[in-house]
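Dear colleague,

Please find below the structure that I am handing over to you. My notes on it follow directly after.

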Amino acid sequence: ILQVNRTLYIGKTHMHTYFMLEMNSPSLTKLPLLQKRTWESNKNDIRICRMKGKHEDECRNYMKVLLSRQGGLFICGTNAFNPLCASYTGDTLEMVGETVSGMARCPYDPKHANVALFAEGNLYTATVTDFLAIDAVIYRSLGDNPALRTVKHDSKWFREPYFVSAVEWGPHVYFFFREMAMEFNYLEKVVVSRVARVCKADQGGSQRVLEKQWTSFLKARLNCSIPGDSHFYFNLLHSTSPIIRMHGRDIILTVFSTPSNSIPGSAVCAFDMEQLAGVFDGRFKEQKSPESIWTPVPDEVVPKPRPGGCAVQGSKFNSSNSFPDDMLTFVKTHPLMDEAVPSLGQRPWIVRTMVRYQLNKMVVDTNAGPYGNQTVLFLGSSRGTILKFLVTPNRDNTVTSNNVFLEELEGYNPDRCGTDSPQARQLLSLTLDRISHSLLLAFPSCVIKVPVARCQLYSRCMKNCIASRDPYCGWTRGSTCSFLRAGTRLPFEQDVEHGNTSHLGDCDGLLQESFIEEPDGLVSVNLLVVSVVSAFATGAALSGLMVCWIMSLKHRQRSRASGSGMGSRRKSDKEQSMLGHGHSGSMISVTRISGSERPRSQWGFKYIF
C-alpha cells in the first residue's frame, strides 16, 4: 500500500494488478476506483519459470516494490522469477519509458522479504540477486551516484538475512533486518536482529579493494531484552516505525518476538538514533581463526582514518575512492561492531508474553488527541487483531510503567474478505491515515479501513468515557462521548493522564462490553455457569417427573395385588435403585461446549477493496 496525498495505491500481489483509489469518498462501504492496471508476465517468461521447476502460481508477476518517485510511481515485480521494474504516471497509471531489470532491486521469489526506498534521488534496495536466493545484497542504483553493492557471498556481511525496513537519517541510510548470527559459533543456529548503515555519499573503494562496493557498510546487533539474572531476549525483529521526534530525541520504535521454540511473546523496544549511531563509533568485533571465538579488536590496530566512516569534502580523503587500501581491507573483513545497540531504558516499553499470537506490525500517531500532544501506538497481530496503547514515556524517554493498554479489537472481517483462516488473517501492512483518523489494514484478500477510536461505546456514560483514557475521546456538551479532532473548540472533559473518575457515579443500565476475546479453545466463564445451572435445573425437572411416574406406578400395583410377597419387595427395591440413580445423574458436568465462538468487538468496518 502506498498513500500519496489523498490517493491510495494498492499492489495486489497475487493478481499482478495495481489500483488507484480516492480516499476522500463519503462512501461508508467502498472507496471509488480511479484507475486499474494489470502487468502480467509474458508467456516466454512463464514457460522458462515452469521449466525451472516452479509451480504455476509462482510464475506470475508479484508486486514487491511500490514507491513514489518524481510525481509518479516506481513499481517492481517478480515477473515469473525474472524481476522487472517500470515507472508509471501517478494519475493515469500509464507506463513511462521502458522496463528495467529488477535484479538486485526486487526478489525473484514472492515469498522473500525485501526493502526499498528513494533517498536523494537514488534507489536503495535490500533483497537477493539470484534465482536460488543465495546472494543477499544492499544495492544502490538509478541515481547520479555510482551503483554500489555489498560484498558477494561473504557470511561476515550477510548470513541468510530477512530484511524488514530502511530509513534515511543524517548522512546515512539505515537497514533493519534479522539474520543467522555468525559470532555465536559455539551455539547452534541463532537468529539475531541487526541494524546496518551505509553512507549516502559513498563512491565505492579503489580499483584494488572494494571496487564498486560499499566502503561504509557496518552492522550491529539490536538488544531488545528484559534484564535480570539471565536476560530474556526478543530476537526476531518484525516491524519498525518511521523515525519520530519525542521529547527532543529522534526515536525509532520496533516490534520484536521470541523464536517459535521459546516462550511465546512479543515486545516493543525504542532506540535513540543518536545512541544507535554512537555504537558505530565503538569497537569492532573479529574472529582471528575459524575455530576461535569472536573478540573485540584493540583500538591500536584499527587503521586511520577510521574504517566505515563517510568521506568529507575538503578533508584529506574527500572521496571514498581515495581511502587507503589497509583501511578498505579492514572494513571488508570487520563489518560487525562489538557492542549491541541498547534499547531506551534498557528494557522494552511494551511486553506481551504467553499469548497465542505474535505482534508483527505497527503504526504510531504522535499527534493524537485534541491538543496533538499524545502518542498512541497501534500494534497488529498475527490473528488480524489490533492492540492500541497510550505511550507515556518519561521526559528522558526511558521506559515507564505508565504505558496504558487501551483496547484490543478485531480488524479482520471474514464477511468482507471472503474466508476465515490463519493464512487469510495474516496482516500484510498497517497504515495510518491521519486526515480521516483511520487505519488501513491490508490482508491477502482485502483491505479494511477502521477508525482509530470508538468513542460511541461510551456515549451514554461519562464515567466510562473518562476512565477509558483514550486521547481521541472526550465528554462533550449534550452528555455524549465524542471523537475530539485536533484543535477542537468544543468544551470537553478528559483525563488521559490519570483517568480519575472518583467524583463520578456509576452508570446504571449499561452493559460492560469486553474488548478482548477469550483465548481460542477455552470456554467463557459466564457460558460455563449458565450451562451448569441449566443442566442442574433440567436434571431436577426430569428427576421429579420420574419420581411422580414411579410413585403412581407403585400405587396402581399395590391396589391390584396388595399383600404380594417377596417378588413385590424385589421389584420395589429395583425401583428404588432406579430412583437413586436418577438423582445421582441430575447434575451434568460441563467442561467444554462446542459451537460458535463468542463474537468479538469490532470497529465500524469500511471494506475498501
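A polar contact here is a pair of N or O atoms within 3.5 Å; within protein, one must be able to donate a hydrogen and the other to accept it, and residues adjacent in sequence count only if both atoms are side-chain atoms. The model is predicted, so local features need pLDDT of at least 70 and side-chain atom pairs count only at pLDDT 80 or more, while totals for chains, interfaces and linings use all residues. Residues are numbered from 1 along each chain as its sequence is written, and side-chain values use heavy atoms, with hydrogens and water left out.

The side chains of His 172 and Arg 197 form such a polar contact (3.5 Å). His 172 belongs to strand S14 (residues 172–180); strands (E, at least two residues) and helices (H or I, at least four) are DSSP runs, numbered from the N terminus. His 172 has a relative accessible area of 8% and is therefore buried (under 20%, 1.4 Å probe, protein chains only). Beyond four places in sequence, contacts of His 172 (heavy atoms within 4.5 Å) include Val 167, Val 198 and Cys 310.

In helix H3 (residues 325–333), the residues Met 327, Leu 328, Phe 330 and Val 331 are buried. They lie on the same side of H3, because they cover an arc of only 160° around the axis, taken from the directions from the helix axis to the C-beta atoms. The buried residues of H3 pack against strand S16 (218–223).

Yours sincerely

Note on methods: Buried < 20%, exposed > 50% of the residue type's maximum accessible area, 1.4 Å probe, protein only.
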